[in-house]
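Reader: I'm new to this one and would like to know how you back up the words you use. Could you show it to me?

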Amino acid sequence: MLGGMRFVALAVGLIGALTVACSPGNGASPAAGGAEGSTTGETDLIVAYQGREELGGDEVAFDSLLGTGKPVVLNFWAAQCPPCRVEMPWFQAAYDRHAGDVLLVGVDIGPFVGLGSHEQARALLADLAITYPTARAVDERLLRRYDLLAMPTTVFFAGDGSVWRSHSGLLTERQIADAFAELAESNP
């Protein structure tokens, strides 16, 4: 019972943190979502933990990964998010099967939602033997841009950079495998 209450408290804290981050009083406005760009005209930077070669460097504008002909999967996670920890090995398996056809980018947003630090994120990657490209968000723009309301959240992009599908919450192993297979088949 205590574990369930803790999860509910984490979820409520996440929603509260996102509400504050996206409130008009903080000088930021929520983005419309999709691959159109941020409403402020600024880029959504990520800083690589690992996978610099696939990402194209240490600090990368997320938009530069879209519209290259290769589908992209953007998975928002945090070190202290129990459902994130569950699905990360499933993402690893799907990435291992489709690495040449689909780019997976896991973005740590733990510090923005009160669910872990960058150090805890790096430790989790090592504990779970995660090798797919991962990065941390520089600020909360990506969270606003893709209207994060739950953890984890995954956004699937077609090769042309358009949003193909988006999912809030835990994905099953089968859902992840099927989505990757479908995206890989769509990649010429």
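Author: Here we go through some strands, contacts, salt bridges and a core, one term at a time. This is a predicted model, where local features need pLDDT of at least 70, side-chain atom pairs count only at pLDDT 80 or more, and totals for chains, interfaces and linings use all residues. Residues are numbered from 1 along each chain as its sequence is written, and side-chain values use heavy atoms, with hydrogens and water left out.

Reader: Why is Thr154 called buried?

Author: Buried means under 20% relative accessible area, exposed means over 50%, and partly exposed is in between (1.4 Å probe, protein chains only). Thr154 has 0% relative accessibility, so it counts as buried.

Reader: Where is Thr154 placed?

Author: Thr154 is in strand 6. Strands here are DSSP runs of E with at least two residues, helices are runs of H or I with at least four, and both are numbered from the N terminus.

Reader: What makes strand 3 and strand 6 a pair?

Author: Two strands pair if DSSP finds at least two bridges between them. Strand 3 (residues 72-77) and strand 6 (residues 153-157) have five bridges, in the antiparallel sense, so they pass that rule. Within this pairing, Leu74 stands opposite Val155.

Reader: Which strand runs parallel to strand 3?

Author: That's strand 4 (residues 103-108), joined to strand 3 by six bridges. Val72 has Leu103 as its bridge partner there.

Reader: Which way do the residues of strand 3 point?

Author: Val72, Leu74 and Phe76 point one way, while Val73, Asn75 and Trp77 point the other, and all are buried. In a regular strand the side chains alternate between the two faces of the sheet.

Reader: Why do you call Asp63 and Arg145 a salt bridge?

Author: The rule asks for a side-chain nitrogen of Lys or Arg within 4 Å of a carboxyl oxygen of Asp or Glu. Asp63 and Arg145 meet at 2.8 Å, N to O, so they qualify. The pair links distant parts of the chain: Asp63 is in the loop between strand 2 (59-61) and strand 3, Arg145 is in helix 6 (residues 141-145), and they are 82 residues apart. Asp63, at 31% relative accessibility, is partly exposed, whereas Arg145, at 1%, is buried.

Reader: How many salt bridges are there by this rule?

Author: Seven. Among them is Asp58 with Arg52, whose closest N and O atoms are 2.3 Å apart.

Reader: And what makes a nonpolar core?

Author: It's a set of buried Ala, Val, Leu, Ile, Met, Phe, Trp, Tyr and Cys residues joined through side-chain atoms within 4.5 Å. The largest one has 50 residues, and those with the most contacts inside it include Ile46 and Phe76.
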